[in-house]
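Here's a quick tour of one chain, taken a few spots at a time. Have the structure open and follow along.

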Amino acid sequence: MKLLAVVGTNADFSFNRFLAKYIAKRYGDKAEIEVAEINTLPLFNRESSGDENVENWREKVKSADGIILTTPEYDHAIPAALKSALEWLGSHSGADLMNMKPAMVVGTSYGMMGAARAQEEAREILLAPDMSANVLPGNEVLIGRAADNFDKETDDLINQSYIDQLDIVMENFIKFVAQSQK
């Protein structure tokens, strides 16, 4: 099983990058997990077919059995870079790569709510008619106060409560992806 853990920001420093890397490291014995960056993608333009970076992005998504979005929350929403990256995958762009693709959303933020609004928005986008992703229902990990919950030297999540929640959600997602492959 091949999963793609997407760093949902183009920021040079992000705890969501830590989260994506942690997921790849911790669950790498259960699935092949590649961390994917979106920082080289151009802004979505419906009149453009994109560039080589867009082609590479689409190929990574196409070849993955499932997608894990890690998103921060900027002004109660997902970052513009993540929205643009998702736009390159939708049916309106001609790609239609997310149709029934298993996906899950997690995130962390500096605030207490753990990117709750951004995660909800990401799920809504993934479920929209132009995406029609198969989003893992009923599973959330809202990692608040990111600066206190990650080791800045190892990039590891260090809060055991969040680790336990992530263990359950990842186990459920791996089963969810396996079920979709039947």
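What follows goes from a strand and its partners to a helix pair, and then to some loop residues. Keep in mind that this is a predicted model.

Let's start with strand S1, residues 2-7. Five of its six residues are buried, so S1 is largely enclosed by the rest of the structure. From S1 the chain crosses through helix H1 (residues 15-26) to strand S2, and this β-α-β crossover is right-handed.

How does H1 pack with helix H6 (residues 160-180)? The angle is about 65 degrees, and the two axes lie 12 Å apart. The crossing of H1 with H6 is right-handed. On the H1 side, the contact is made by Leu19, Tyr22, Ile23 and Arg26, which meet Ile163, Leu166, Asp167 and Met170 in H6. Sorted by type, the residues of this contact come out as six nonpolar, two charged and no polar.

On to the loops, and a bit of backbone geometry. Most residues other than glycine have a negative phi. Histidine 76 isn't a glycine, yet its phi is positive, at about 70 degrees. You'll find histidine 76 in the loop between S3 and helix H3 (80-87). Serine 132 is also a residue other than glycine with a positive phi, near 55 degrees. Look for serine 132 in the loop between helix H4 (116-127) and strand S5 (134-135).

Is serine 132 buried, partly exposed or exposed? Its relative accessibility is 25%, so serine 132 counts as partly exposed; the buried class is for values under 20%.

One last stop: methionine 112, in the loop between strand S4 (102-108) and H4. With a relative accessibility of 63%, methionine 112 counts as exposed, because that class takes values over 50%. Which residues does methionine 112 touch, leaving aside those up to four places away in sequence? They are Gly144 and Arg145. As for leucine 157, 45 residues from methionine 112 along the chain, the C-alpha atoms of the two are separated by 16 Å.

How values were computed: Residues are numbered from 1 along each chain as its sequence is written. This is a predicted model: local features need pLDDT of at least 70, side-chain atom pairs count only at pLDDT 80 or more; totals for chains, interfaces and linings use all residues. Side-chain values use heavy atoms; hydrogens and water are left out. Buried means under 20% relative accessible area, exposed over 50%, partly exposed in between (1.4 Å probe, protein chains only). Helices (H or I, at least four residues) and strands (E, at least two) are DSSP runs, numbered from the N terminus. A crossover is right-handed if, with the strands pointing away from the viewer, the path from the first strand over the helix to the second runs clockwise. Axes are lines fitted to C-alpha atoms, for helices over the stretch in contact, and angles run from 0 to 180 degrees between N-to-C directions. A crossing is left-handed if the near helix is turned anticlockwise from the far one by less than a right angle, and right-handed if clockwise. Contact means heavy atoms within 4.5 Å. Ala, Val, Leu, Ile, Met, Phe, Trp, Tyr, Cys and Pro count as nonpolar, Asp, Glu, Lys and Arg as charged, and the others, Gly among them, as polar.
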